[in-house]
Amino acid sequence: MLRKRLLGAVVVRQGWAVQSFGYRRWLPLGKPQCLVENLDRWGADGIVVLSTDRGDHGPDLELIERLGALGLSTPLTYGGGLSTEEHARAAVRAGAERLVLDAVLSHNPVAVGAMASAVGVQALVAALPMVQSATGEVLHLQHRTGAQSELATSIRKLIAAEQVSEVLVIDAAGEGEGQGFNPALLEAVEAQTSLPLLAFGGLARAEQIRPLLSRPQLAGVMVGNALNYCEHAIGHLKAGLTDQPLRPHRQSSSV
Amino acid sequence: MSTAPVQFCKRCLYTTNHPLGLVLDAEGICSGCRVHEEKDRLDWTERWQQLEQLVKPYRSRDSRNYDCIVPVSGAGDSFFIVHLVKERLGLKPLLVTYNRYYNTPLGIRNLAQLRRRFDCDILIQSVNPLSVKKIIRTTLRELGSFHWPVLAGQSVLPVQTAVSHQVPLIIWGAHQGVEQVGMFSHLHKVEMTRRYRKDHDLMGYEADDLLSVFDSLTEADIWQYRYPDEAALEQVGVRGIYLGNFVRWDPWAQHQQMVKQAGFASARMNRTFDIFDHVDDWHYMDMHDWIKNQKHGYGRVVDQACREIRHGRISREDAAAQAKFYQALLPKHQTLLLEWLGLEESGFNFLIRQFVCHASEIKVAPNTIEAALPRHLFASEPGITLDTNTADRPVTIGKGYPDWFIPSIT
């Protein structure tokens, strides 16, 4: 079995890489290509670029092409504005190896099947931002409207039919805060699918990641803001998780 | 980078066009102003204790070795940083300084005073000026910047020294991204990264990115600006921390303290009300600042005015008047720079015109604004200006100018 992955997330808003806090507050970081190049040099197991303000404007193909031109040795995943089969084709043509689907899962689940046919199920990841209510109920958060509800039947069917290859579970409330990932969110999604899961949101330190990696269905964790606070952050996290079934730290490339 | 319309912060003078990136919140207040608010909320005594714990493992047991590397210059925050490192943390620093070649006599004097006053060893790097000039020709053409070698040199020399001397801890002053645009909260305790250096300090161009088959610049010219190998950094465990995460950073107050306490000397400069920043450099607040204004639509005085607004020492309206006045002033030392570079004025201006941002056009004549300028910021105005006739030429770092060389300091 392949070992689990430590992925680096780059959140993009208005063309800038930003720190995101619960998708409500942002701090500027810099040029997305500089962050992506850095994660590649650090030996991340994958890089996920999330353009959070694309809405109905389609994927940011110019950005994907700019990142593709860096000649990365790390797989590049892109999310943002993907809602049609043509979007999926164009994003892969521009340089993305995998695609993260979010709003389209709710608004047009039929399109997901067409996208899977166009670029392959293996290239698709379903993003599910989740929150836990005060009563303990785990709900799906619609970013665009802010609505919280049970996971829609259409999404359940879609992941049950394995029209995507992995599910990215996002701790929407804890995203960016570095206070750890709520495991109840994973439990709720595990009950819906046997697809491999990825966890994102609130993860900053090795001790927060360790308990998640022991879950058999978890294929990887994704870290965002915290990777920007010190040099060699990927290496530091992996050094603290050598007892876990995580892919070994790739020696960083030199100059 | 962004195609979104430019927005203005309601509290300071920055816009969303800031080259470091700037985010406005729902109330129209920028990320820089919001992060600045932390300065009045955080427990700085507790944070200082955190710093003391952080540096503890780096104290050398060998008295022949250094505890840390501290980058310094003949201006800016250097005096206050060394004061904190040497006198409050009790560390033994190795000071490092990159010779930028635009040294003012006052800067040389300050550097010598810094070394003597705090009794520190100092390592000075002077890169072959022929290579520096070749690089500048390339960066003027590609980036509209003659300051790239300074930015690259002063940001890489401490890291190279940390590796070569096996002294892993580098201590910087404040993080520019935190202070100006609130890139990080103080709580994030952000540390030095190669990514930030390339992204922001070097405008996206590391040394090797300057090499091109269409240029005469070669590896022999740029190698001194290369970041150390990743494996070497990991092996030594190089780590650069910022004092601004642990001390309530207030440059104006700190500079005044260092004038009184440590003999730091300041001067009036051409394009700013600030009498402390960059007094060691003929061009930073002159040609460099004028070019920044042309490229980004604002000068360094806006950075300083925003800082003073946030510290509550000036109103937004007064700050805007100051900025408008100083940004309209023309540089005084263009000939000095062009003679050193061996460039014709027409050629230089042609290169800069390729980078002009139209937002920089100022339509009000300077003398119509001057009368309305608030003067209280000049209360501690020193008696000298940088174009004092003592030596209006770049000078090379050596033994340092004695105080009698600059009459107003004695």
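Predicted model: local features only at pLDDT ≥ 70, side-chain atom pairs only at ≥ 80, totals over all residues.
H1(A) meets helix H8 (residues 194-201) of chain B. Their axes come within 10 Å and cross at roughly 155°. Angles over 145 degrees count as roughly antiparallel, so H1(A) and H8(B) are roughly antiparallel to each other. The crossing of H1(A) and H8(B) is right-handed.

On H1(A), the contact is made by Cys34(A), Leu35(A) and Asn38(A). On H8(B), Arg195(B), Lys198(B) and Asp199(B) take part. The residues of this contact divide into two nonpolar, one polar and three charged.

## A helix pair within chain A

Helix H2 (residues 61-68) of chain A packs with helix H3 (residues 85-94) of chain A. The angle is about 25°, and the axes lie 8 Å apart. Angles under 35 degrees count as roughly parallel, which makes H2(A) roughly parallel to H3(A).

H2(A) contributes Leu61(A), Ile64(A), Glu65(A) and Gly68(A) to the contact. H3(A) contributes Ala90(A), Ala91(A) and Ala94(A). The residues of the contact of H2(A) with H3(A) divide into five nonpolar, one polar and one charged.

## The nonpolar core

The largest nonpolar core has 179 residues. Those with the most contacts inside this core are Leu99(A), Leu101(A), Leu168(A), Val169(A) and Ala199(A).

Take Leu99(A), leaving aside its neighbours within four places in sequence. Leu99(A) is in contact with Thr77(A), Tyr78(A), Gly79(A) and Leu82(A), among others. Its contacts also include Ala88(A) and Ala91(A), and Ala91(A) also takes part in the contact of H2(A) with H3(A). Further along the chain, Leu99(A) is in contact with Val119(A), Ala123(A), Leu124(A) and Val125(A).

## Chain B as a whole

Chain B has 17 helices and five strands. Of its 410 residues, 47% are buried.

Consider the contacts in chain B between residues at least 6 apart in sequence. Of these, 74% join residues at least 24 apart.

Definitions and conventions. Residues numbered from 1 in each chain as written. Chains lettered and ligands numbered in written order. Axes fitted to C-alpha atoms, helices over the stretch in contact; angles between N-to-C directions. Helix = DSSP H or I, 4+ residues; strand = E, 2+ residues; numbered from the N terminus. Parallel < 35°, antiparallel > 145°, perpendicular 65-115°, else oblique. Contact = placed C-beta atoms within 7 Å. Nonpolar A, V, L, I, M, F, W, Y, C, P; charged D, E, K, R; others polar. Core = buried A, V, L, I, M, F, W, Y, C linked by C-beta atoms within 7 Å. Buried ≥ 20, exposed ≤ 12 C-beta atoms within 10 Å, placed from the backbone. Left-handed = near helix turned anticlockwise from the far one by under 90°.
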